[in-house]
Amino acid sequence: MPLAVCATPIGNLADITLRVLEELGAADLVLCEDTRHTRILLERHGITARLSSYHRHNEAARAAGVLERLRAGERVALVSDAGLPGVNDPGARLIAAASAEGIEVTVLPGASAVETALVVSGIGADRYQFVGYLPRRAGELRALAGELCSWPGAVLAFESPRRLPASLGVLAAELPGRSGAVCRELTKRFEEVVRGSLEELAERFAEAPRGEITLVLGPPGGGGELREAGDEEAARVAVAALIEAGAARRTAAEVVSGLTGVGRNALYRGSL
């Protein structure tokens, strides 16, 4: 039997595919980061399964035993707490080992915080890169920002809410005028998306928020570094058109800011 790599919801427990539910229900063993977390998901969908912990602290020790079970013909599913295993989550080691042994690996796709954040940010880039969690040290973060200066697309990263204020401060200093969006608690009850320049985001999140954070940075030139006066005027016209069409003033300013990189607060004040 193949190793089934299953994507799970990033927040809302209803965001799971029928195919994943079928696989989890049929599995002889479900490997998961936190058995308590995964059991809540399975109980929500009426599934009873044998669970075993498989996380970054034990994956090296557990891999050999899992491979033996797969070779014996058992049906094994691999999940993480949220999203797709192997993408900034445990799983890559087991997937590589199974492939090296000639064991088939099948991936059952599903919810993704990265692509959800990219779409909801309104930044709209044809190209993007995901850099995982931002570096903890300011010097390393400044070095990463230096690399991102020449990247022509959007950039997405995860960040802890506790470190978000400091990280935004560094990024605003290193990438002045760059547009961005802080996406908090995606798909959950208190989902929030705040758009604006990095300077505005740093001001807005001077205090650490709660919840899981996905940060989106707009591409160079789209965030204000080389902005012309005509671009700002066009953005103000777009805000006025949205308001005339019935959009709330603040919403119109946020949407146009995310698309153009012109400061949200400036657009809001300009529309009064």
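Phe 158 counts as buried, because its relative accessibility is 15% and buried means under 20% relative accessible area, exposed over 50% and partly exposed in between (1.4 Å probe, protein chains only). This is a predicted model: local features need pLDDT of at least 70, side-chain atom pairs count only at pLDDT 80 or more, and totals for chains, interfaces and linings use all residues. Residues are numbered from 1 along each chain as its sequence is written, and side-chain values use heavy atoms, with hydrogens and water left out.

**Aromatic cluster**

- Rings of Phe, Tyr and Trp (its six-membered ring) pair if their centres lie within 6.5 Å; planes under 30 degrees apart count as stacked, over 60 as edge-to-face and the rest as tilted.
- By this rule the count is 2 aromatic pairs.
- Phe 130 and Phe 158 form an edge-to-face pair, because their planes stand at 65°, with ring centres 4.9 Å apart.
- That pair links distant parts of the chain: Phe 130 belongs to strand β6 (residues 128-133) and Phe 158 to strand β7 (residues 154-159), 28 residues apart.
- Helices (H or I, at least four residues) and strands (E, at least two) are DSSP runs, numbered from the N terminus.
- Phe 130 has 26% relative accessibility, so this residue counts as partly exposed.
- Tyr 133 also pairs with Phe 158, edge-to-face, at 5.6 Å centre to centre and 65° between the planes.
- Here too distant parts of the chain are linked: Tyr 133 is in strand β6 and Phe 158 in strand β7, 25 residues apart.
- Tyr 133 is partly exposed, because its relative accessibility is 48%.
- Ring pairs join Phe 130, Tyr 133 and Phe 158 into a cluster.

**Charges over rings**

- A charge sits over a ring if NZ of Lys or CZ of Arg is within 6 Å of the ring centre and within 35 degrees of the ring normal.
- Arg 127 places its charged end over the ring of Trp 151, 5.2 Å from the centre.

**Helix α7 and its cover**

- Helix α7 spans residues 164-174.
- Its buried residues are Leu 164, Pro 165, Ser 167, Leu 168, Val 170, Leu 171 and Ala 172.
- Cover for these buried residues includes α6 (138-148), β7, β8 (179-184), α8 (198-204) and β10 (213-217).

- Arg 184 lies in strand β8.
- Arg 184 is buried, because its relative accessible area is 15%.
- Contact means heavy atoms within 4.5 Å.
- Neighbours within four places in sequence aside, Arg 184 is in contact with Phe 190, Glu 191, Glu 192, Pro 209, Arg 210, Glu 212 and Ile 213.
- Glu 185 sits in the loop between β8 and β9 (192-197).
- Glu 185 is not a glycine, yet its phi is positive, at about 55°.
- Glu 185 has 16% relative accessibility, so this residue counts as buried.

- Asn 88 has phi near 60°, a positive value in a residue other than glycine.
- Asn 88 is in the loop between β4 (76-78) and α4 (92-100).
- Asn 88 counts as partly exposed, because its relative accessibility is 32%.

**Whole chain**

- The chain has 11 helices and 10 strands.
- Its C-alpha trace spans about 65 × 40 × 30 Å along the principal axes.
- Of the 272 residues, 45% are buried.
- Among contacts with a separation of 6 or more, 73% join residues 24 or more positions apart.
- The accessible surface is about 13300 Å², and 50% of it belongs to carbon and sulfur atoms.
- Accessible areas come from the Shrake-Rupley method with a 1.4 Å probe; for residues, only the protein chains shown count as cover.
- The chain has 30 positive and 35 negative charges, and their mean positions are 5 Å apart.
- Lys and Arg count as positive and Asp and Glu as negative, while His and the chain ends are not counted.
- Each charge is placed at NZ of Lys, CZ of Arg, CG of Asp or CD of Glu.

**End of helix α9**

- Glu 244 lies in helix α9 (residues 229-244).
- Glu 244 is exposed, because its relative accessible area is 73%.
- Glu 244 and Leu 51 are 193 residues apart along the chain, and 55 Å separates their C-alpha atoms.
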